[in-house]
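User: I have a chain open on my screen and would like to talk it through with you. Could you take me over it piece by piece?

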Amino acid sequence: MCYSYSVGSKPVWALLWLFVAALLAGCVNDDPASEPSLGVGDRCPRFELAMSDGSVLSSADFAGRRVMLVFFNTGCEDCRRELPEIQCVADRLSSDGDASVGGVPEVICVSRGEGAESVAAYWRANGLTLPYSAAGDDRVYRLFASSLIPRVYIIGVDSRIEASFAERLPSEAELYRLMRPGAGVGALGQ
């Protein structure tokens, strides 16, 4: 028996096209199949960052320090929601002073494909003081991942990844706890 969809068929096709368009929009420039397998226990890849203050920071500089590496794009709604919380964690760590094993804890933000001018404007408009790198490309990001932001890595004093998070980050309190001395390898992550 054949069924006729003559009544209301246009809304069905419109919904189908809308569904397909939504699926494709979420996949633009992201290829999860090529996702690097960096996770808890892996060594931090080698890279250099041109920072917003003009300095150059190398991943080799992380040795002996616990670092929170944050990948973001100010056009990302999740990033806009998480960056103020990360700022609060950085402020709290800064007020602790030289409290971490091997040196002062550090939070470093790295833009994923967004240039310095737009990131600087966003930082000013939102009162952020986090150190950031905005090279306009995603070469450093691609060393860690190929999809999903915000993405946060906690890198330990031994330059190994102790925790990683994508899209939805843990609470401000949990991020702070992970950056404190003694958090240790395998403390938390995905």
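Analyst: The buried residues of helix 5 pack against strand 3, helix 2, strand 4, strand 6 and strand 7. This is a predicted model, and the residues of helix 5 that count as buried are Glu174, Leu175, Tyr176, Leu178 and Met179.

User: What does the largest nonpolar core look like, and which residues have the most contacts inside it?

Analyst: The largest nonpolar core has 48 residues, and Met68, Trp123 and Phe144 are those with the most contacts inside it. Two or more residues each come from strand 3 (67–72), helix 2 (77–96), strand 4, helix 3 (116–126), helix 4, strand 6, strand 7 and helix 5. As a general point, nonpolar side chains in soluble globular proteins tend to be buried together.

User: Which residues does Met68 touch?

Analyst: Setting aside residues up to four places away in sequence, Met68 touches Ile86, Val89, Glu106, Val107, Ile108, Val152, Tyr153, Ile154, Leu175 and Met179.

User: What is the strand order in the open sheet, and which strands are at its edges?

Analyst: The open sheet has five strands in the order 5-4-3-6-7, with mixed pairing. Its edge strands are strand 5 (132–133) and strand 7 (161–166), each of which pairs on one side only.

User: Which strand pairs run parallel and which antiparallel?

Analyst: Strand 4 (residues 106–111) pairs with strand 5 in the parallel sense over two bridges, and Cys109 stands opposite Tyr132 of strand 5. Strand 3 and strand 6 run antiparallel and are joined by five bridges, with Ile155 in strand 6 as the bridge partner of Val67. Strand 6 and strand 7 also pair in the antiparallel sense, over five bridges, and there Ile155 stands opposite Ile161 of strand 7.

User: Is strand 6 largely enclosed or left open by the rest of the structure?

Analyst: Strand 6 is largely enclosed by the rest of the structure, because five of its five residues are buried. Arg151, Tyr153 and Ile155 point one way from the strand while Val152 and Ile154 point the other way, and all are buried. In general, the side chains of a regular strand alternate between the two faces of the sheet.

User: Changing topic to the backbone, where is the cis peptide bond?

Analyst: The cis bond joins Ile149 and Pro150, with omega at about -5 degrees. Pro150 lies in the loop between helix 4 (139–144) and strand 6 (151–155).

User: And which residues other than glycine have a positive phi?

Analyst: Ser159 has a positive phi of about 65 degrees although it is not a glycine, and Glu167 has a positive phi near 65 degrees. As background, most residues other than glycine have a negative phi, and most peptide bonds are trans.

User: Where do Ser159 and Glu167 lie, and is each buried or partly exposed?

Analyst: Ser159 is in the loop between strand 6 and strand 7; these two strands form a hairpin with five residues between them, and Ser159 is in its turn. Ser159 counts as buried because its relative accessibility is 13%, and the cut-off for buried is under 20%. Glu167 is found in the loop between strand 7 and helix 5 (172–179), and Glu167 is partly exposed, with a relative accessible area of 33%.

User: Last one: what surrounds Glu48?

Analyst: Glu48 is in strand 1 (residues 48–50) and is partly exposed, with a relative accessible area of 48%. Leaving out neighbours within four places in sequence, Glu48 is in contact with Val56, Leu57, Ser58, Arg139 and Val140. The C-alpha atoms of Glu48 and Asp61 are separated by 9.5 Å, and these two residues are 13 residues apart along the chain.

Conventions:
Residues are numbered from 1 along each chain as its sequence is written. This is a predicted model: local features need pLDDT of at least 70, side-chain atom pairs count only at pLDDT 80 or more; totals for chains, interfaces and linings use all residues. Side-chain values use heavy atoms; hydrogens and water are left out. Two strands pair if DSSP finds at least two bridges between them. Helices (H or I, at least four residues) and strands (E, at least two) are DSSP runs, numbered from the N terminus. Buried means under 20% relative accessible area, exposed over 50%, partly exposed in between (1.4 Å probe, protein chains only). A nonpolar core is a set of buried Ala, Val, Leu, Ile, Met, Phe, Trp, Tyr and Cys residues joined through side-chain atoms within 4.5 Å. Contact means heavy atoms within 4.5 Å.
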